[in-house]
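Here's a quick briefing to read with the model open beside you. Take a look at the structure first, and then we'll start with a pair of helices.

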Amino acid sequence: MLHRTAAVTAALVITLVSVTGCAAGSGGSASSATGAAVPQLDPQVASSLNDALRTVQSSPGVASATNRIELHQRYTAADGTDVTPPGLDAWNNRDAGPAAPPPIGAVSPDDPRLPPVPTPSARPAPQAGATESHSFSSAFVVTMDPDATPSEAAAVPVTMAERLAWTGVTLTLQVPAGPGHVLTSVTYSGTFDQRIPDETALGVASGLATLAATPGITGLEASIPQTLRVDYGSLTIGVSPADDATLARVRGMIDGTAFAGTTLHGSFGNGAKP
């Protein structure tokens, strides 16, 4: 059984305070807040995110693509204590629509997702005189066709990096199971403030495709960190049957891909750690 080491979440982008309550794409200074202005996404940021989503949705091999944007609002007292009213973010994002679907891979039963924060019936009021800051997060989830090629999968993060400029955008790219291969999921976190080289994206996609078709592998999840160093990321695998020969064959296949040297996580089919 495949076990995830952590739930995939949207990452924080940039903290900005604005008297108009807008979360934008560049830094700013804090100001004292006496009322709770509803944060809004900067139009230029929203346009770039929408452009990236539309482009990905129309890309070859893409079956579906969604983007979940959330606004975050924080209040800090003069002594640095967080005095954000409980449920404020939930209230601010109550009309944001359904959350993007989770990755295809299974979630470990000992790492359950936290329940959503209840949305208050009325907008919570901040503490008078607290310092207000706004930020936003964006989580793309893209599902390819089961028969999508590695080149088609690799084009998705490359295309997004050409249109976005923020570390906080997260991409979870999924290829469902198909004839001769298991499902795969890869998450790019904090990478979209730089160019993603074609060879890096293709190496990740090709490596996952190779491993997905390897006998004995029952599931795959990979993570690519902000540095774009694949070996600094992680690879979570499921292996069955539970024998040394299967594990040795799987390790041999990993060593021939871009994931050689990557931190490995996973289990045998019976739950034993490899």
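Helix H1 passes H3 in a right-handed crossing (right-handed if the near helix is turned clockwise from the far one by less than a right angle, left-handed if anticlockwise). This is a predicted model, where local features need pLDDT of at least 70, side-chain atom pairs count only at pLDDT 80 or more, and totals for chains, interfaces and linings use all residues. Residues are numbered from 1 along each chain as its sequence is written, and side-chain values use heavy atoms, with hydrogens and water left out.

**Overall picture**

- The protein has 5 helices and 10 strands; these are DSSP runs, numbered from the N terminus (helices: H or I, at least four residues; strands: E, at least two).
- Of the 274 residues in the protein, 46% are buried (buried is under 20% relative accessible area, exposed is over 50%, and partly exposed is in between, with a 1.4 Å probe and protein chains only).
- Take the contacts between residues at least 6 apart in sequence: 73% of them join residues at least 24 apart (contact means heavy atoms within 4.5 Å).

**H1 against H3**

- The axes of H1 (residues 43–57) and H3 come within 9 Å and cross at roughly 155 degrees. Axes here are lines fitted to C-alpha atoms, for helices over the stretch in contact, and angles run from 0 to 180 degrees between N-to-C directions.
- H1 and H3 are therefore roughly antiparallel to each other (under 35 degrees is roughly parallel, over 145 roughly antiparallel, 65 to 115 roughly perpendicular, and the rest oblique).
- On the H1 side you'll find Ser48, Asp51, Ala52, Thr55 and Val56, which meet Val156, Thr159, Met160 and Arg163 in H3.
- The residues of this H1–H3 contact split into 4 nonpolar, 3 polar and 2 charged (Ala, Val, Leu, Ile, Met, Phe, Trp, Tyr, Cys and Pro count as nonpolar, Asp, Glu, Lys and Arg as charged, and the others, Gly among them, as polar).

**H3 against H4**

- H3 (residues 150–163) also packs with H4, at an angle of about 135 degrees and with the axes 8 Å apart.
- That angle makes H3 oblique to H4.
- The H3–H4 crossing is right-handed.
- From H3, Pro150, Ser151, Ala153, Ala154, Pro157 and Val158 meet Asp198, Ala201, Leu202, Ala205, Ser206 and Ala209 in H4.
- By class, the H3–H4 contact has 9 nonpolar, 2 polar and 1 charged residues.

**Strand E5 and its partners**

- Strand E5 (residues 131–144) has 13 of its 14 residues buried, so it is largely enclosed by the rest of the structure.
- E4 (residues 62–76) pairs with E5 in the antiparallel sense over 14 bridges (two strands pair if DSSP finds at least two bridges between them).
- Tyrosine 75 sits opposite glutamate 132 in E5.
- E5 and E6 (residues 169–175) run parallel, joined by 6 bridges.
- Threonine 143 has glutamine 174 in E6 as its bridge partner.

**Two loop residues**

- Threonine 191 is in the loop between E7 (184–189) and H4 (198–212), and it counts as buried at 0% relative accessibility.
- Glycine 180 is in the loop between E6 and E7, and at 64% relative accessibility it counts as exposed.
- Not counting residues up to four places away in sequence, glycine 180 touches Ala212 and Ala213.
- Glycine 180 and alanine 212 are 32 residues apart in sequence and 8.2 Å apart in space, C-alpha to C-alpha.
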